[in-house]
Amino acid sequence: MTTVRFRRTARPLALALGLCVLGTVPASAQDSRSAASTNVPSREQSAIVERSDEQKASDWGLREEEWARYRAVMQGPLGIQSPNLDPLTALGIEARSDEERHRYAELQVGIEARRVEKLLAYQRAYDEAWQRLHPDMERISASLTDTDASAGEVGRLAVFVKDGCPSCDRTVQRLQTAGTEFDLYVVGSRQDDTRIRDWAKSVRIDPGKVRAGAITLNHDSGRWLSLGLEGDLPAVVRQVNGQWQRQ
């Protein structure tokens, strides 16, 4: 994976040089400015906060009052029970009318379609890079893409597991022995590829099946929570007629 490094801005240095040119500000002026900035509310800061909330709402296709309601909802029981819910899911669950519920559902479908389109494009680039750079190493998916199961079709099996779960280990071993093809999602992997590889070795997943694509190794990245299915892990699920169901 490519490591992104953020370049430090040159602005602090430019400011420092500017102060050297302009000279030293008298201490009395510094004190008065400091007191003013401490005691008087900053209109500019308030404006930045307001714009930030407005931008966040816009990202999800929401109005500012809807974003405020989302924040209020997440302060209640729903936020405690499901702290990682996105705004549209939270507002949809707490919808006050069918009209609201349908609005949030349509917004979420649109956003999810755009997300999947981007993920697929990146996954193709990632697969090409992996095959070119590390053709003999087990591959771990860089992103999550839904199994394409249209109405009337049955999707590929997905298995959600976690580290330190003996029943998870037995489930994966049983499926592998049976020759079942499945996508494996490790919950709590913290995006650490080494963590997943070590776990896969500990449960004796066949590297050849991973390289062939019969078994895929994936970071969960919140996927399990987003499915909204009940029960503990391990979870063996499949998409049937567009709906995820435990098997």
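Trp-67 is buried, and so is Tyr-70. Buried here means under 20% relative accessible area, exposed means over 50%, and partly exposed lies in between, with a 1.4 Å probe and protein chains only. Trp-67 and Tyr-70 both sit in helix α4, three residues apart, about one turn of the helix. Helices (H or I, at least four residues) and strands (E, at least two) are DSSP runs, numbered from the N terminus.

This is a predicted model, in which local features need pLDDT of at least 70 and side-chain atom pairs count only at pLDDT 80 or more, while totals for chains, interfaces and linings use all residues. Residues are numbered from 1 along each chain as its sequence is written, and side-chain values use heavy atoms, with hydrogens and water left out.

Stay with α4, residues 64-73. Its buried residues are Glu-66, Trp-67, Tyr-70 and Val-73. They cover an arc of only 120 degrees around the axis, so they fall on the same side of α4. The arc is that of the directions from the helix axis to the C-beta atoms. On the other side of α4, Glu-65 and Ala-72 are exposed.

Now the rings. A search of the whole structure finds three aromatic pairs. Rings of Phe, Tyr and Trp (its six-membered ring) pair if their centres lie within 6.5 Å; planes under 30 degrees apart count as stacked, over 60 as edge-to-face and the rest as tilted. The ring centres of Trp-67 and Tyr-70 are 5.2 Å apart and the planes stand at 50 degrees, so this pair is tilted. Phe-160 and Trp-224 have ring centres 5.3 Å apart and planes at 45 degrees, so this pair is tilted. That pair links distant parts of the chain: Phe-160 is in strand β2 (residues 157-162) and Trp-224 in helix α11, 64 residues apart. Both Phe-160 and Trp-224 are buried. Ring pairs join Phe-160, Tyr-185 and Trp-224 into a cluster.

Next, the charges. The structure holds 10 salt bridges. A salt bridge is a side-chain nitrogen of Lys or Arg within 4 Å of a carboxyl oxygen of Asp or Glu. One of them joins the side chains of Asp-53 and Arg-71 at 3.0 Å, N to O. This pair also links distant parts of the chain, with Asp-53 in helix α3 (residues 43-59) and Arg-71 in helix α4, 18 residues apart. Arg-71 has 45% relative accessibility, so it counts as partly exposed.

Arg-103 lies in helix α7 and Glu-66 in helix α4, so the pair ties together parts that are 37 residues apart in sequence. At 6% relative accessibility, Glu-66 counts as buried. Its two partners are partly exposed: Arg-63 has a relative accessible area of 43%, and Arg-103 has 26% relative accessibility. Arg-63, Glu-65, Glu-66 and Arg-103 are linked in a network of salt bridges.

Of its 38 lining residues, the closest to its centre are Asp-86, Thr-89, Gln-108, Ser-226 and Leu-227. On a 1 Å grid over the protein atoms alone, a pocket is an open set of points with protein on both sides within 12 Å along at least five of seven lines; lining residues have an atom within 4 Å of a point.

α6 (87-93), α7 (98-133), α11 (223-227) and β6 (243-246) each supply at least two lining residues. The largest share, 10 residues, comes from α7. By class, the lining has 17 nonpolar, 14 polar and seven charged residues. Ala, Val, Leu, Ile, Met, Phe, Trp, Tyr, Cys and Pro count as nonpolar, Asp, Glu, Lys and Arg as charged, and the others, Gly among them, as polar.

Two backbone details remain. Most residues other than glycine have a negative phi, and most peptide bonds are trans. The peptide bond from Leu-233 to Pro-234 is cis, with omega near 10 degrees. Pro-234 is found in the loop between α11 and β5 (235-240). Arg-204 has a positive phi of about 60 degrees although it is not a glycine. Arg-204 is in the loop between α9 (193-202) and α10 (207-212). With a relative accessible area of 59%, Arg-204 is exposed.

Note on methods: On a 1 Å grid over the protein atoms alone, a cavity is a set of points where a 1.4 Å probe fits but cannot get out, and a pocket is an open set with protein on both sides within 12 Å along at least five of seven lines; lining residues have an atom within 4 Å of a point.
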